[in-house]
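Student: Hi! Could you walk me through this one while I have it open?
Tutor: Happy to, let's look together.

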Amino acid sequence: MEGPSATKEFCPPDTSESQLSLRNVVQITVVKAQDLKSIKSDTSITLVRVEYNGVILGDSSKADVSPNGMANYNFTTSFEYSTDGPNSWVDIAQKPALLTVIEVLQKEKKQKEEKTMPLGQAVLDLLPLLQGQCSFTVLAPLYAASTSPSESLHPEAKCALEVSVCTKKPLLSSSQLSDGNFLSVTLEAAYSVPEAFVPTGPSQNYMACLQIPALGKKEVPLLFMNGILKLDGEKEPLPRPKKWSLANIMAPGALNIPNSFILGGPYEDEDGELNKTKDREFRIQAESMKRIVWDKERRCYLDPAAVLILKNRIAECQYWPVEVCRMPVTSSSKGKTSKADKGDEDRQIFFHGVAYVNMMPLLCPGVKRIRGAFRVFPYQDSEVLEKTKRQQSVLRDLRPQMGLIKEGSGTPGTNSSLSRAVPSKAQREDKEKMTREQEFNRRTSNTTKIQLSGVAEEAASVTSVSLDGKQYVEAGTFLVMEIKLDKALVPKRLQEELTRRVKEMIPPRPPLPPRTGGAKKAVEDYHNHVASIAVAILSEYHELFGKQLPDQGATDHQTLEEQRHQLNFELNSSGKYFAFKEQLKYAVVKIVREKYLKTTAFETQEQFQAFLSELYVYLVDQMHIALNQLLYEEAASPAPRIRMTDEQLWLFAREAEVNKDYKLASLYHQQRIAQDQHNIQYWLDYGAFCLLLEDTFKAQECFREALSLDPHHVRSLLLCGIVAVMLQHYEEAEIFFEDACCLEPSNVIAWTLSGLFCELQNNNIQAEMAFREAKKKLQVQQARERSISGQGKKQISATSVGSSSLGPEQPLPEGVPDGSAKELPEAGEELTLASVAQEEEAPASEAATEGQGVVNWLWDGEPGAERWLYASSREGNNLGAVGCGRPDAKSHPLFQDTANLPAQSS
């Protein structure tokens with residue numbers, strides 16, 4: 001094995017400052033081991049070996065194991081990191097350091113050298129160095145090495161190595177951290193493999209590979225090797241750990257990546273192929289039949305330039321090839337290399353297939369992960385070029401390295417040459433291969449000049465197709481894999497940003513202006529108080545002196561003066577005078593504030609006296625007016641004002657719409673708004689009525705008025721989005737729909753309308769994701785309703801049983817058998833079954849018929865609207881069925897009578 005000095009051959013001889021600035025040293029310190037006795041109880045002396053990227057960095061000195069199983073090593077080693085050297089970003093991201101604890105056995109007599117035996121291994125993940133950390137300390141789990149059965153080891157022992165890692169400076173700059181990204185690819189398994197894949201015969205290496213940009217324009221191949229062929233049996237367990245792509249590992253437990261698991265999930269939620277309901281049975285059967293399992297994860301850091309290239313390439317071509325093949329493992333032999341081994345590089349790749357992974361979902365806002373099943377097809381150069389715009393096969397380019405694989409040897413993943421771009425040697429060999437093929441074709445054409453051109457073209461195409469690869473199609477082989485990014489390529493807009501954009505388009509309602517006519521109302525209140533006081537004084541007079549009849553003649557002046565003095569005495573002595581004065585004071589204060597607008601103190605006494613004189617004259621004049629109105633003018637009592645309720649106005653408006661009296665219906669809608677301008681529902685109803693009259697702009701004003709009252713009202717957002725689509729304001733519509741989905745992620749209607757809008761924009765990938773989200777939310781709602789209805793069913797059953805046990809004097813109603821409560825239909829059962837039928841089997845015409853009431857349904861908040869709208873969308877309806885059409889008022893699909901709405905459960 002190469003020593004640490006082997007890394008120098010990759011470094012250029014130039015030692016300028018620019019070269020030195022690209023280098024850094026990663027220092028690894030193994031502090032101690034804990035609980036070694038749990039692996040082997042009689043362990044006494046151990047040492048630790050550190051290995052990285054196929055290179056042994058060094059061995060520690062021997063350390064005694066204490067009785068409690070602790071061994072102090074304090075061993076420090078390092079390797080050089082360089083952006084363009086053997087240990088680059090690519091290696092740090094996907095290759096961990098391997099720590100092996102070796103037991104030093106006691107030397108026997110006549111034995112010259114000490115014997116050693118691997119005790120356990122630990123894996124150290126260096127990814128935190130690419131996440132901005134300059135140093136970190138971990139307790140790496142130490143797993144027991146698998147040795148001969150005679151050794152008394154405990155493979156399930158739990159011990160650990162305390163390891164510290166540090167660098168002189170961060171491996172990535174702040175800009176590289178913020179603008180770069182991390183990509184991980186997990187290859188789970190290949191199912192429904194060809195019948196030719198049998199465990200008997202020569203050893204085979206099952207491989208898969210794809211290529212991604214990592215360092216600018218340089219592409220990095222991610223190679224998955226050593227797939228395990230499993231026969232028919234139980235399915236793979238879930239969750240199960242992901243594994244490192246390490247070779248020559250002596251502790252199988254160390255292959256598991258900590259805190260990284262394959263979780264699986266429903267087939268319908270996957271992003272690939274074979275995710276329809278009709279594929280479910282095939283998937284279930286294939287997962288328990290013969291299969292090839294990898295369960296390995298490959299990670300890679302993408303620098304900012306590679307992120308841009310990745311986005312551009314996905315936009316140019318949505319399909320990325322993932323090649324699969326099977327190659328025989330040659331047995332390792334000592335001595336010189338045979339001619340057969342020398343010809344390994346030119347040998348044919350068997351069962352060469354390719355799966356086309358649709359990467360377009362990664363360009364949807366906020367999407368960071370795709371996972372699914374992808375069918376495997378025979379690798380054909382012309383087909384791969386047409387679908388992926390790639391001219392070369394990654395496996396053919398990597399064939400020189402794969403040709404060096406021997407039985408029991410490591411994978412090329414441990415060789416740094418595969419961690420960088422395809423070497424020029426492979427390109428030269430590819431050119432030589434092409435030259436040999438051209439020479440062969442020339443000779444063949446000279447001997448077959450008589451053949452027709454069509455036959456020649458067919459023969460040429462056959463030579464480019466792997467004959468073994470055709471078995472993938474016959475067997476229905478598919479790969480299950482996951483591609484995950486640390487950050488979305490297209491960031492999703494935050495809810496705060498969407499709310500801000502909505503407020504910019506629809507500013508909040510300004511506060512109502514101060515009411516005018518306050519002075520008039522103050523004077524009217526003063527008149528009312530004067531009249532009420534005058535009536536009270538007159539009643540007091542009648543109590544003291546009685547009512548004077550007209551036929552009694554006029555009272556003389558002296559008598560009137562005496563009655564006035566007596567009345568004043570009674571009012572003052574009883575306190576009623578002061579009560580009348582206090583009652584009148586508040587009315588006078590209102591006149592001062594509203595009429596004269598006086599709210600501050602007077603500066604001088606002269607101003608105060610002048611104001612009092614003016615106020616006195618005005619109050620006396622207004623008193624005379626009030627008394628004259630009371631004594632000499634008998635005003636007719638106004639007719640009682642009939643105030644209609646909201647329900648009445650709504651019913652009258654609907655009746656006028658049915659009678660086609662749209663002017664009267666508009667009046668009723670306006671009366672509702674006049675009664676309460678802050679009621680959002682009134683604005684939505686009036687906006688829907690305006691859509692009925694095809695007055696789209698007025699409807700837009702109504703819906704925006706409702707949204708200005710509450711920017712977080714989801715139904716207002718959706719209706720504003722629909723009207724924006726009708727007016728072809730697509731950017732605004734996108735903001736409205738996206739904001740609605742962010743505010744209420746469980747809203748089925750919001751996701752469905754968003755999917756319909758994306759379909760209208762020919763964004764089929766994002767539309768499918770929105771429909772999938774809507775279906776997921778709908779299933780959750782249906783499950784919740786079924787659980788609630790199930791509880792109600794149990795209560796009904798218990799009630800019926802209790803009533804039947806009361807005695808024979810209380811028989812059950814006629815026609816209901818005893819114990820028939822369990823036969824009662826569940827609440828909502830009919831609606832649930834109808835929705836499922838619409839989703840799976842209902843024709844588009846039926847969905848369009850039910851679509852006639854969807855907008856009324858939407859703003860009224862009718863239950864079940866989510867099911868109809870989702871079912872309609874899945875049957876091919878677009879936003880035209882929700883509000884984009886322009887039929888006449890009689891047959892407008894948005895505003896048919898509520899009788900056209902689908903039947904709902906009671």
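Predicted model: local features only at pLDDT ≥ 70, side-chain atom pairs only at ≥ 80, totals over all residues.

Student: Which residues make the nonpolar surface patch?
Tutor: V535, L630, L631 and Y632 make it, and the patch covers about 440 Å².

Student: And Y632, is that buried or exposed?
Tutor: Y632, which lies in helix α17, counts as exposed because its relative accessibility is 66%; the cut-off for exposed is over 50%.

Student: Switching to the inside: which residues of the largest nonpolar core touch the most other members?
Tutor: Those are F703, L707, L718, F736, F737 and L753, out of 51 residues in that core. Several helices each supply at least two residues, including α13 (495-505), α21 (696-709) and α23 (730-743). The most comes from α22, with 10 residues.

Student: What does L707 touch?
Tutor: Leaving out residues up to four places away in sequence, L707 touches V502, I506, H713, S716, L717, C720 and F736.

Student: Back to α13, then. Which of its residues are buried?
Tutor: L498, T499 and V502 are buried in α13. Viewed down the helix axis, the buried residues of α13 fall within an arc of 100 degrees, so they line one face.

Student: What do they pack against?
Tutor: The buried residues of α13 pack against α21, α22 and α23.

Student: Which residues are exposed on the other side of α13?
Tutor: There you'll find E496 and E504, both exposed.

Terms used: Residues numbered from 1 in each chain as written. Heavy atoms only, no water. Patch = residues over 30% accessible without salt bridge, like charges linked within 9 Å, V, L, I, M, F, W, Y side chains within 5 Å. Areas by Shrake-Rupley, 256 points an atom, 1.4 Å probe, with all protein chains shown as cover. Salt bridge = Lys/Arg side-chain N within 4 Å of Asp/Glu carboxyl O. Helix = DSSP H or I, 4+ residues; strand = E, 2+ residues; numbered from the N terminus. Buried < 20%, exposed > 50% of the residue type's maximum accessible area, 1.4 Å probe, protein only. Core = buried A, V, L, I, M, F, W, Y, C linked by side-chain atoms within 4.5 Å. Contact = heavy atoms within 4.5 Å. Arc of directions from axis to C-beta.
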